[in-house]
Amino acid sequence: MTDNIAVDDLSEDMARDELTRLSDLLNKANKAYHGDDSPIMTDAEFDFLKKRNLEIELKFPQYKKPDSPTEKIGSLPSEKFSKIKHSKKMFSLANAFENSDLYDFDEQVRRFLNLGHSDPLEYTVEPKIDGLSLSLRYEKGELAFAVTRGDGTTGENVTANALKIKDIPINLPIQTEILEVRGEVYMEHKDFEILNNYQESLGRKVFANPRNAAAGSLRQLDAAITAERPLKFLAYAWGELTEPLDTTQFGAIQRLKNLGFKTNSHTKLCQNIDEALTHYEELSKIRSELGYDIDGIVYKVDSLDLQSRLGHRSTTPRWAIAHKFPAEYSWTKLMAIDIQVGRTGALSPVARLSPVTVGGVVVSNATLHNQDYIAARDNYGKEIRSGKDIRVNDWVEVYRAGDVIPKISDVDITRRLSDSIAYRFPSNCPECGSAVVRDEGDAVIRCAAGINCPAQAIEKLKHFVARKAFDIEGLGARQIELFFADEILPIKEPVDIFTLEFRDQNNFTKLKDRHGFGKKSAENLFDAIKEKKTIEFSRFLFSLGIRHVGENVSKLLARHFLTWSEFISSISLAQNRESQEYFDLVAIDGIGTIVVNSLLSAFEIGKERNSIEKLVEHLDILDEIPPDIDDNVLSGKTLVFTGTLEQMSRSEAKSLAENFGAKVSGSVSTKTDLVIAGPGAGSKIRKAEELGVKTLDETEWLSLIGK
Ligand SMILES: [Zn+2]
């Protein structure tokens, strides 16, 4: 390796190698930054490498590469877009792949709304454009902000760029106080082609697909570049409103059109789910003639009143679903099977493939899920792929659906080598050598060493700093790998991040003087870490990377306990499976024994618990604020529903209660504030009477919530 050698010490051969390496790396970094919005290095690293490249070129001009990054790339933008929090979250959509998923969706909506099969339920159906979501905020009819989707809660302020898109009106013909219009920024095929030809003629990088071109064009710091790019915008939704647009989805889209927005002419109002599926078939036939990329069809419950009753899950609305187009397939050779050890110790087999284009994208890896999957059995032990197992050197059929990781759909047994042998799953962790375990009823094989396994420790750290977790600027997955292996200033567990600056001060060699860093970038890193010492309770819980404790469960737990101290003392008591705390935990709606067991084992006295406690000492964990905390009678209360409700489904009742800031539990205890009992209520009502908990019937409940 030549990357650690000072420029002055490089030999001619080394200089040539190093210029090749740097040119590859810088071109890749530039592409990742502009192309898919996921940088592979920090700006500081990029600048450092670029400077090194230039120094070597000056000393060894004979080895300067024809595609030298010095000639091609401007430096990465030094300032970022400012961040803006969406006044109403921008949700993503749940996905459906089969027609049966759509019937399930229709069924769930009906059940939630207490509708029978013959009751009318209309849907608006529209193409799902493969572009970039954008939210436009108009105040008194004038464009105030344009914000990208970002993580759904906070996006980037791209107002200057949005002003350059012709489809986006600057002024509306109405002066309504607030109107947020949401839609998709995209590029048509013909414009994409012209842009790439132009880029090529100037020796600039070409874009992989129209979506990347649209994203790269919108996120230009220089709005003049955005102005040159032929971007389009279609409106299909809205955020905060001071006046409703209409009473139906279809009507609201018409209204947006009347206000001067472009809307999709293929949007159709369908009387029922069958008609919606027919429209899906029609659109999939003309897909290639649309002139822009769509990756599926979106179905939305048409009535806005029903949409608001259905509400949202944590990240997706209950009233909409995206029906993705079927996957595309290609055959290739499986070169090797590698085992990756994940954050929770799961040994995940990955197929290394001879690179092949599938649906326009080059694929060289595919997931193999687990041991059973390779051996042609599903999670229930049933045969899959007609019993054809997967072996190294096999010819396999690869497919992708949407953005999903490529999978293997078939194996060509006729091309299998005669000396081929079945794949043997390792019986020890390939990373740490520990024994592996397989829990009953679980297809996954795990390394049992927990955070003693370096692979698990590092994956946990990567999760800890991920975007939905601590999200520390300048400390991504790649930096975690470097610090994990670092001997002077190591990060082996999360707490080490927060002692980094202190430890650095006591080190002889300071971070600012080291390779890849400078005074500014070291300071920036310490500042970014300091900034994240204050964190929301649910986000913190999610960051810990406990198995089965994802975003959703973290939110539920935070809503239930409200403070970290309440949570941690309950968890300690709940270690006793006979305790009231244990039963209360299991009774939280949406949390079952699997989650609870995983949670309890993470907080058992031992290395993992110690690691969490050390970490907590450095943090300020904010109390969870229940939603709509304005003084309504239900806020902060714990409710139990029992018996049959006649006016609304149990799910709707629960969702309503949560909107009022209440918690819904499945069992009655001393912590219950209110029991709502319909006909047929039994033991829970007796328990409530015993404990003196107030009980309401459905009519009283409805009047309580003002229905
Ligand atoms: Zn291991």
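**Domains and cores**

Analyst: Between domain 1 and domain 4 there are 0 salt bridges, a salt bridge being a side-chain nitrogen of Lys or Arg within 4 Å of a carboxyl oxygen of Asp or Glu. This is a predicted model, in which local features need pLDDT of at least 70, side-chain atom pairs count only at pLDDT 80 or more, and totals for chains, interfaces and linings use all residues. Residues are numbered from 1 along each chain as its sequence is written, and side-chain values use heavy atoms, with hydrogens and water left out.

User: How much area do domain 1 and domain 4 bury between them?

Analyst: About 510 Å², 60% of it on carbon and sulfur atoms. Buried area is the accessible area (1.4 Å probe) that the two parts lose on being put together, summed over both.

User: How many residues are in contact there?

Analyst: 6 residues of domain 1 are in contact with 7 residues of domain 4; contact means heavy atoms within 4.5 Å.

User: Changing topic, which residues touch the most other members of the largest nonpolar core?

Analyst: They are Ile497, Phe540, Leu557, Trp564, Phe567 and Phe603, in a core of 54 residues. Such a core is a set of buried (under 20% relative accessible area, 1.4 Å probe, protein chains only) Ala, Val, Leu, Ile, Met, Phe, Trp, Tyr and Cys residues joined through side-chain atoms within 4.5 Å.

User: Where does this core lie?

Analyst: It lies between domain 4 (450-532) and domain 5 (536-622), because both give residues to it. The domain bounds come from an automatic or database domain assignment.

User: And what does Phe603 touch?

Analyst: Leaving aside residues up to four places away in sequence, Phe603 touches residues including Leu544, Trp564, Gln575 and Arg609.

Note on methods
Buried < 20%, exposed > 50% of the residue type's maximum accessible area, 1.4 Å probe, protein only.
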